[in-house]
Amino acid sequence: MVQNTLHYEGTRRGVLFSKQHPRNELHRFTEEISSGTALVDCGICPLDVWLRIDRLMAVLQICDEFFHVKSKYLNMYHQVSHENIVPVLQKLSPLVNQTILTCRVNGVRCNELFTETITDEGICFTFNGFSSYDMFKDGVLHDEYQYLNEPKNVTNWSMDEGYTVENSRKAYPIRALGSGFAAGLTMRLMALDSNIEEHCREQQGFKVTIHAPNEYPQVSKKFSLVTHSHDVALAVRPIIMQTSFELRDYDPQRRNCYFHYERQLKFFEVYTQANCEVECVTNYTLEACGCVKFSMPRSPGTRLCQTSEIICVINAEYNMLKRTLEESGGSACDCIPSCISIQYDAEITQSKCDFKKTLDLRLGHDNPAIKEGLKSRQISKLAIYFKEVQFITSKRSELFGLTDFVANCGGILGLCLGVSLFSLIELLYFCLARPMLLVRDSFNKKRNIKVVEEANVRRF
């Protein structure tokens with residue numbers, strides 16, 4: 001499996017390539033599952049038999065649900081226990097040089113920039129992704145294996161501010177030079193015919209997931225499929241959401257987003273909706289099953305689910321989705337979006353191509369070994385690039401603040417009633433001040449009234 005994260009023009013992009021079949025020189029799934037009826041009866045077995053059982057149990061954890069819902073297979077291995085799932089998968093997964101034939105980005109070779117990442121569908125390869133230091137909090141994960149093996153830490157970049165102006169070419173994650181096919185990531189992906197396993201997985205090829213680098217990849221939720229012997233191009237358009245500073249005083253539920261400092265996750269260093277959902281599924285699975293899947297972040301002492309318990313993991317995720325629909329807020333774990341987020345909309349074009357014939361015509365005459373080696377391989381091509389040089393961002397902002405409300409009220413009253421600020425002052429004066437002055441003057445006049453008696457004057 002391969003995961004790849006690519007960054008362009010101050011934006012961030014993650015790509016995941018996923019192969020769901022083991023190296024058949026080490027493990028043949030169809031033969032092992034067909035003879036697996038003996039697993040129940042195997043108490044004290046030879047070492048080579050237990051190694052075969054470990055490989056089979058590990059591979060079954062990333063196979064289709066078919067092998068976990070059928071009682072035939074559940075009865076086959078419900079008493080088999082094993083703990084070394086990840087080491088076995090790492091040994092069985094295709095190597096980088098067996099998967100990525102060629103890779104170029106920004107005009108330079110990038111094969112050696114891929115590192116392993118543990119996902120819900122097995123071992124993937126990551127390019128331009130976060131390291132464990134940047135992705136996870138220190139001291140909360142177990143130390144049995146690493147989820148991310150990227151050695152480089154983030155430099156001169158942040159989700160809030162993007163790339164710094166100085167030394168942006170030396171920043172990490174790597175920044176793209178521009179948009180268009182020439183500035184994108186191009187790869188030729190290769191699969192040995194002997195490693196293609198139709199029994200374990202219906203879908204054959206490479207799964208590609210594009211995501212922000214601060215999000216932990218979830219391959220089973222969103223992906224594009226690069227089938228064998230096809231040329232696939234993904235034209236990506238970033239969808240960036242920002243939030244104005246004025247909304248920081250609002251309640252997160254009212255603005256429907258969290259700033260990174262408002263919501264702290266247990267395992268992840270940075271809050272994103274995807275990371276929150278990963279923790280939510282993990283906690284719900286631990287509560288329902290008493291264990292977690294090998295790809296889920298876990299604390300020291302948390303038990304890994306056995307292959308016979310994967311059906312519980314599957315049901316726990318479905319039950320959590322049902323619970324989410326029943327919640328009035330729309331999320332069972334309050335996993336609302338982050339206030340600054342990036343999503344990627346991709347336009348996919350593909351065509352069937354015979355790359356083996358092309359390479360044979362170009363290189364086969366000079367090197368007969370290449371021609372012979374291509375007979376047992378399936379080759380696909382993948383290109384990922386930004387569609388446009390510029391893009392439009394969306395921004396959450398205050399629709400009506402206090403100042404806007406007062407201004408709109410004044411404008412409406414002035415338009416409809418001819419009311420102005422001076423009119424309001426006059427109204428207050430005649431309604432409050434003027435009556436008080438009249439009462440005071442009337443009271444003073446009553447106190448100063450002099451009674452004048454009429455003199456007795458003879459009248460004619």
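Where in the protein chain is confidence lowest, and where is it highest? In this predicted model, the lowest mean, 36, belongs to strand S1 (residues 2-8), while the highest, 94, belongs to helix H9 (residues 273-289).

## Confidence and overall architecture

Across the protein chain the average pLDDT is 81, and 81% of the residues score at least 70. Where pLDDT is low, the predicted coordinates should not be read in detail.

The protein chain contains 14 helices and 16 strands. It has 460 residues, of which 47% count as buried. When contacts in the protein chain between residues at least 6 apart in sequence are considered, 73% of them join residues at least 24 apart.

## Disulfides

The count of disulfides in the model comes to 7.

| Disulfide | S to S distance | Torsion about S-S | Handedness |
|---|---|---|---|
| Cys103 and Cys110 | 1.7 Å | about -80 degrees | left-handed |
| Cys276 and Cys335 | 2.1 Å | about -75 degrees | left-handed |
| Cys291 and Cys305 | 2.0 Å | 95 degrees | right-handed |

The disulfide between Cys103 and Cys110 has buried partners at both ends: Cys103 has a relative accessible area of 2%, and Cys110 has 0%.

Cys276 and Cys335 form a disulfide with sulfur atoms 2.1 Å apart. This pair links distant parts of the chain, for Cys276 lies in helix H9 and Cys335 in the loop between helix H10 (310-326) and strand S14 (341-352), 59 residues apart. Both Cys276 and Cys335 are buried. Helix H9, which holds Cys276, is also the element of highest mean confidence.

Which loop holds both Cys291 and Cys305? The sulfur atoms of these two cysteines lie 2.0 Å apart in a disulfide. Cys291 and Cys305 each lie in the loop between H9 and H10, so their link ties together parts that are 14 residues apart in sequence. Cys291 is buried, at a relative accessible area of 0%, and Cys305 is likewise buried, at 1%.

Cys124 is buried, with a relative accessible area of 0%, whereas Cys431 is partly exposed, with 47%.

## Salt bridges

Side chains of opposite charge can pair when their charged atoms come close. A search of the whole structure finds 11 salt bridges.

One of these joins Glu121 to Lys207, with the closest N and O atoms 3.0 Å apart. The pair links distant parts of the chain: Glu121 lies in the loop between strand S5 (114-119) and strand S6 (122-127), and Lys207 lies in strand S11 (residues 206-208), 86 residues apart. Is this pairing buried or exposed at its two ends? Glu121 is buried, with a relative accessible area of 4%, and Lys207 is buried as well, with 3%. Glu121 and Lys207 also belong to a network of salt bridges that includes Asp64 and Arg201.

A further salt bridge connects Arg263 and Asp334, at an N to O distance of 3.9 Å. This pair, too, links distant parts of the chain, with Arg263 in the loop between helix H8 (252-255) and H9 and Asp334 in the loop between H10 and S14, 71 residues apart. Asp334 is partly exposed, having a relative accessible area of 26%. The loop between H10 and S14 thus holds Asp334 and also Cys335.

Glu112 forms a salt bridge with Arg109, where the closest N and O atoms are 3.4 Å apart. Glu112 has 52% relative accessibility; exposed means over 50%, so Glu112 counts as exposed.

Terms used. Residues are numbered from 1 along each chain as its sequence is written. This is a predicted model: local features need pLDDT of at least 70, side-chain atom pairs count only at pLDDT 80 or more; totals for chains, interfaces and linings use all residues. Side-chain values use heavy atoms; hydrogens and water are left out. pLDDT is the predictor's confidence in each residue, from 0 to 100. Helices (H or I, at least four residues) and strands (E, at least two) are DSSP runs, numbered from the N terminus. Buried means under 20% relative accessible area, exposed over 50%, partly exposed in between (1.4 Å probe, protein chains only). Contact means heavy atoms within 4.5 Å. A disulfide is a pair of cysteine sulfur atoms within 2.5 Å. A salt bridge is a side-chain nitrogen of Lys or Arg within 4 Å of a carboxyl oxygen of Asp or Glu.
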